[in-house]
Amino acid sequence: MSLKKERIVIKVGTSTLTNELGNSNLHRMEELAMTIADIQNMGHEVILVSSGAIAVGANKMRLKEKPKSMRMKQAAAAVGQCTNMFLYDKFFGYYDKTVAQILLNAEDIMQEEKKENLTNTFDALLEHGIIPIVNENDSVSYTEIESEEKLFGDNDMLSAVAAVLCNADKLIILSDIDGFYNKDPRLYKDAELIVCIEEIDESTYELAGGAGSRRGTGGMRTKLQAADLAASQGIDTIVANGGNPKVLYEIVKGRQVGTRFVGHRD
Ligand code: ADP
């Protein structure tokens, strides 16, 4: 029996892409590239949504502490984005894959015309076997890095928006934790993993704590918002641990990994 070929959006957070010192986690990035290349070789189409530009840039600029002002965050993002794309290009290139950079602002997805342009670009890239790598355009926008609302919440929302824009079958959010628990496992030892969520409502949001790890910024709340948006468009979201990118194989094969948020199908 052959597997259905799917269009899959995979989001990786800062905590998956960088180590404790804020440097690029090269081993992780390489494994991620290899796994995604392999999944593409199985006939699937993959869009990667990648964070980590500010942390990597701050490190490369040898800043003594995490940048606080907007201008420094944006400068660090400009440096780090370049580093990340260089590394992705190199790692994916090793497996004979071509990548493309897509930087987005919130405004880009609010205007019909821009939305259509984006959808066409995604389609053209995917038709040619290219792996689009998406990030928020941090150096010119501030929705992700500064706004109170954290619209894109460390790219969680951006990944859902990308999934909707390119009509994806699946959204996979890789985090530093095994999935969505009934309470924050970093605070409560007895927290239990929830394997499947059919309906996201107020009570689900109450289970998510505040912003997450030191290096991540979104926490589970923004992942729920992303899953909520994806579900409303019939797209399943899987939240799983990115510590071992090989979990992607299991997810693509439809095996139970992490937490699955079921997309609403009429
Ligand atoms: P990433 O950079 O991977 O997006 P975040 O640090 O932003 O990661 O989000 C993941 C974190 O969310 C976890 O490490 C955990 O501390 C926190 N969290 C809060 N509530 C929950 C919950 N109910 N289930 C799982 N994790 C939770």
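Predicted model: local features only at pLDDT ≥ 70, side-chain atom pairs only at ≥ 80, totals over all residues.
The residues of α5 that are buried are L118, F122, L125 and L126. They span an arc of only 95 degrees around the axis, which places them on the same side of α5. An α-helix has 3.6 residues a turn, so residues three or four places apart point the same way. The face of α5 that is turned away from this buried side carries E112, E113, E116 and E127, which are exposed. Helix α5 comprises residues 112-127, 16 residues in total, and its first and last C-alpha atoms are 22 Å apart, close to the 22 Å expected at 1.5 Å a residue. After α5 comes G129, a residue whose phi is positive, near 70 degrees.

The strands belong to an open sheet of eight, with mixed pairing, in the order β3-β4-β2-β1-β5-β7-β8-β6. Strands β3 and β6 (196-197) form the edges, since each of these pairs on one side only. Within the sheet, β1 is largely enclosed by the rest of the structure, because six of its six residues are buried. Strand β1 pairs with β2 in the parallel sense over six bridges, and I10 stands opposite L48 of β2. With strand β5 (residues 170-175), the pairing of β1 is again parallel and extends over five bridges, the bridge partner of I8 in β5 being K170. Strand β2 in turn pairs with β4 in the parallel sense over two bridges, where L48 stands opposite I133.

Helix α4 packs on the sheet, where it touches β1, β2, β3 and β4, and its direction makes about 155 degrees with that of β3. Helix α8 (residues 219-232) lies across β1, β5, β7 (236-241) and β8 (259-261), and runs at about 175 degrees to β5.

A pair of aromatic rings is described by the distance of the centres and the angle of the planes. A search of the whole structure finds three aromatic pairs, and one of them is formed by Y88 and F92, whose ring centres lie 6.1 Å apart and whose planes meet at 40 degrees, so that the pair is tilted. Both of these residues lie in helix α4 (residues 70-94), four residues apart, or about one turn of the helix. Y88 counts as buried at 1% relative accessibility, and F92 is likewise buried, with a relative accessible area of 0%. The rings of Y94 and Y95 have centres 5.1 Å apart and planes at 90 degrees, so this pair is edge-to-face. Here Y94 is exposed, with a relative accessible area of 64%, whereas Y95, at 26% relative accessibility, counts as partly exposed.

In the loop between α1 (14-17) and α2 (26-41) lies S24. With a relative accessibility of 18%, S24 counts as buried, because the cut-off for a buried residue is under 20%. When residues up to four places away in sequence are not counted, S24 touches L17, T18, N19, M29, V56, N84 and L87.

Notes:
Residues numbered from 1 in each chain as written. Heavy atoms only, no water. Expected span 1.5 Å × (residues − 1). Buried < 20%, exposed > 50% of the residue type's maximum accessible area, 1.4 Å probe, protein only. Arc of directions from axis to C-beta. Pairing = 2+ DSSP bridges. Phe/Tyr/Trp six-rings, centres within 6.5 Å; stacked < 30°, edge-to-face > 60°. Contact = heavy atoms within 4.5 Å. Axes fitted to C-alpha atoms, helices over the stretch in contact; angles between N-to-C directions.
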